[in-house]
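Here is a short report on selected helices and loop residues. The sequence and structure come first.

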Amino acid sequence: MAAKPRFHKDADTAAEAPDAAVADAGTDRKHPVDETLPPFRMFTSGLQHVAAMYAGVVAPPLIVGPAVGLTAKETAFLMGASLFTAGIATLLQTIGFWKVGARLPFVNGVSFAGVAPMIAIGKDRGHDGIAVIFGAIIVASLLGFVLAPYFCKLVRFFPPVVTGTVITLIGASLLPVAFNWSQGGNAAADDYGSMTNITMAAVTLVIVLALRKLLRGFLQQIAILLGLVIGTLIAVPAGITDFSAIRNADVVGFPTPFAFGAPQFEIAAIISMCIVMLVCMTESTADMLALGKIVGRPADEKIIEGGLRADTLGSAISPVFNGFMCSAFAQNVGLVAMTKIRSRFVVAAGGGILILLGLVPVAASVIALVPLPVLGGAGIVLFGTVAASGIQTLATAALEKGENALIVAAALGIGLIPIAAPQFYHAFPESLLVVLDSGISTGCVVAIVLNLAFNHVGRGAEERDEEQRPGEHVVPAASGTGLH
């Protein structure tokens, strides 16, 4: 009789059989994704996820608010609302109900893909602009919810040659964000790119690497959080820690529903946000495939359908509480890979913390104490880990066969254009830039199309290489990354 798949008891240890979706019926051990940790570990590990994605959640409202003409206080309100709605969306993904939720350690937050379109929709229109943005998001999200069962069927077009390329692009696309944070985050600031900022990022990077090397067990798993704390303490005498957020924050504040007025519906705005929704669904699908491999629960059509439903439902609810469109946060995929903590309930705890931060602005301001250069230093490790995961997946794609190497070369080359040459598409219509400015989306489309052309069109199923069938391969373990 074949051996039954076995899993370690603790959720923060690697599975012996990473391919199995659930424990065998003959054993009472749960899959690490479904295990819970002791309360203290649950809280600190969830807090680490929040620390990793905090800047990404508050950045879009910080950019959009002033652009549409909101005051500093109104913009701060938007930021708190975004934290609150990100928590709701994350709980929908991790805990879920009915057919909603991937039930993976999947973090959701405000999508950067919608920033430029939202600015174009609401620029200098104040509260009316925000109301139009919210109306467009609600319609686009509800349409996405309806499309989720059909969109998820595209998973069969994501074999290793495609998923490896997309995961690599996710990591590569995030690295410039870490570099920008390392310089200070604000290109208009006098100290942007200063020796102090970059040195602080380098110090944090070294601290994180040293902690990963020297610590063991749970302390090693929260090396990112410890590195952020130590980096922030070092940054205080360096003069780059801003305490104004704590001084100006309210103790309690609830995101009043439709605080900027009832949503308004304009056709042009709705079409624009529908395009953004398709981009978000594409990126979320790629992230779920990546996360599924990392945690040993491959993302099949059912998981992706539930994940997309959670994405779109969370996005539809978000404007009610003055938040923006939500999608997957790839940096947290890297955190799962690095820490090996695969429990979805850890991320659910992070979702609860996000809701608390949205309701208690003064608590959110404590997280905001982490200077961006410190976050950038840690981000280099996190985002690089995502790229490393993609490279591992490509190692299983049999690049020596057929035109697989050509598929990867073309998709990576085109996907890296927005990173290597940000102004490359400057002469194109703004409506196209929503897709073209996302290297993840363009690279994904190119990889899918070329895989269809070279590996599907004109070939029977029996002729396709075994490695071209998604969900049947295993990402090999790599020393130092925690990937399985």
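Helix α10 is mostly covered, with 23 of its 29 residues buried. Buried means under 20% relative accessible area, exposed over 50%, and partly exposed in between, using a 1.4 Å probe and protein chains only. Helices (DSSP H or I, at least four residues) and strands (E, at least two) are numbered from the N terminus.

This is a predicted model: local features need pLDDT of at least 70, side-chain atom pairs count only at pLDDT 80 or more, and totals for chains, interfaces and linings use all residues. Residues are numbered from 1 along each chain as its sequence is written, and side-chain values use heavy atoms, with hydrogens and water left out.

**Helix lengths**

Just after α10, G296 takes a positive phi of about 80°.

At the start of α13, a side-chain oxygen of S343 comes to within 3.2 Å of the backbone nitrogen of F345. Buried residues in α13 include R344, V346, V347, G350, I353 and L357.

**Packing of α6 and α8**

Two packed helices are described by the angle between their axes and the distance between the axes. Helix α6 (residues 195-214) packs on helix α8 (residues 223-238) at an angle of about 145°, and their axes are 9 Å apart. Axes are lines fitted to C-alpha atoms over the stretch in contact, and angles run from 0 to 180 degrees between N-to-C directions. On the α6 side, the contact (heavy atoms within 4.5 Å) includes M200, V203, I207 and L211. On the α8 side, I230, G231 and I234 are among the residues involved. The contact residues divide into 12 nonpolar, four polar and one charged; Gly counts as polar here.

**Two loop residues**

S194 lies in the loop between α5 (160-183) and α6. S194 is partly exposed, because its relative accessible area is 21%. S194 and G184 are 10 residues apart in sequence and 8.1 Å apart in space, C-alpha to C-alpha.

N322 sits in the loop between α11 (301-317) and β2 (326-328). Its relative accessible area is 0%, so N322 is buried. Leaving aside neighbours within four places in sequence, N322 is in contact with F77, L78, A81, F134, P255, T256, P257, F258, A259 and F260.

Methods
A polar contact is a pair of N or O atoms within 3.5 Å; within protein, one must be able to donate a hydrogen and the other to accept it, and residues adjacent in sequence count only if both atoms are side-chain atoms.
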